[in-house]
Amino acid sequence: MEKTRHFTATVYVVNDSAVALHHHERLGIEIPPGGHVDRDEIPHEAGLREVREETGLDAELLDDTDPVDSPDGRVLPDPRHQMLYDINIHDDGTVGHQHIDHIYYATVESRDIDPDGDDEADAEAWTWYDADELRENDIDPDTTEFALEAIEAAEAAE
């Protein structure tokens, strides 16, 4: 069977030492903003677009990518992590679809979530979690780890 892979981008947004996660109805888990990288996008641009669409917030990436002197190119923000997620697994154990996820951290100036579009989760689906709440809730371990790292990165950038 053929395996398909899609590039995705996820952004953990931080405000005042808390990360915004929303309950994804279909998956039944808490996740940050993110989605597929469109054909004409660079991964970090897709992540920022997803933040705007899903939360209505304008995010600023926490980027510590080293500059490179290049007359014909520009440095792109390094994702904090890149993960390969199996999206659909067949009965025989083979994987049919995967996401190559570029994970970024960012800050936002407000917690006023106002999704941009009818197909986005309602504002009520979003919760701001501080470090203690992340550890105390039943949130996937990778989401918790990335969220805690994002909070630390935002605090270090202040």
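Glu155 sits in helix 3, which covers residues 141-157. The model is a predicted one.

- Glu155 has a relative accessibility of 39%, so it counts as partly exposed.
- Together with Asp16, Glu152 and Glu158, Glu155 forms a negative surface patch.
- Other residues of helix 3 are buried, among them Thr143, Phe146, Leu148, Ile151 and Ala154.
- The 17 residues of helix 3 should span 24 Å at 1.5 Å a residue, and the C-alpha atoms at its ends are 24 Å apart, so the two values agree.

- The whole structure contains five salt bridges.
- One of the salt bridges pairs Asp132 with Arg135, with 3.6 Å between the closest N and O atoms.
- Both Asp132 and Arg135 belong to helix 2 (residues 131-136), where they are three residues apart, about one turn of the helix.
- Asp132 is partly exposed because its relative accessible area is 48%, whereas Arg135, at 53% relative accessibility, counts as exposed.

**Arg49 and its partners**

- Arg49 forms a salt bridge with Glu41, the closest N and O atoms lying 2.5 Å apart.
- Arg49 also meets the side chain of Glu50 in a salt bridge, at 3.1 Å from N to O.
- Arg49 counts as buried at 15% relative accessibility.
- Glu41 is buried too, with a relative accessible area of 17%, and Glu50 counts as buried at 8% relative accessibility.

Notes. Residues are numbered from 1 along each chain as its sequence is written. This is a predicted model: local features need pLDDT of at least 70, side-chain atom pairs count only at pLDDT 80 or more; totals for chains, interfaces and linings use all residues. Side-chain values use heavy atoms; hydrogens and water are left out. Patches are made of residues with over 30% relative accessible area and no salt bridge: like charges are joined within 9 Å, nonpolar side chains (Val, Leu, Ile, Met, Phe, Trp, Tyr) within 5 Å. Accessible areas come from the Shrake-Rupley method with a 1.4 Å probe; for residues, only the protein chains shown count as cover. A salt bridge is a side-chain nitrogen of Lys or Arg within 4 Å of a carboxyl oxygen of Asp or Glu. Lys and Arg count as positive and Asp and Glu as negative; His and the chain ends are not counted. The place of a charge is taken as NZ of Lys, CZ of Arg, CG of Asp or CD of Glu. Helices (H or I, at least four residues) and strands (E, at least two) are DSSP runs, numbered from the N terminus. Buried means under 20% relative accessible area, exposed over 50%, partly exposed in between (1.4 Å probe, protein chains only). The expected span of a helix is 1.5 Å times one less than its number of residues.
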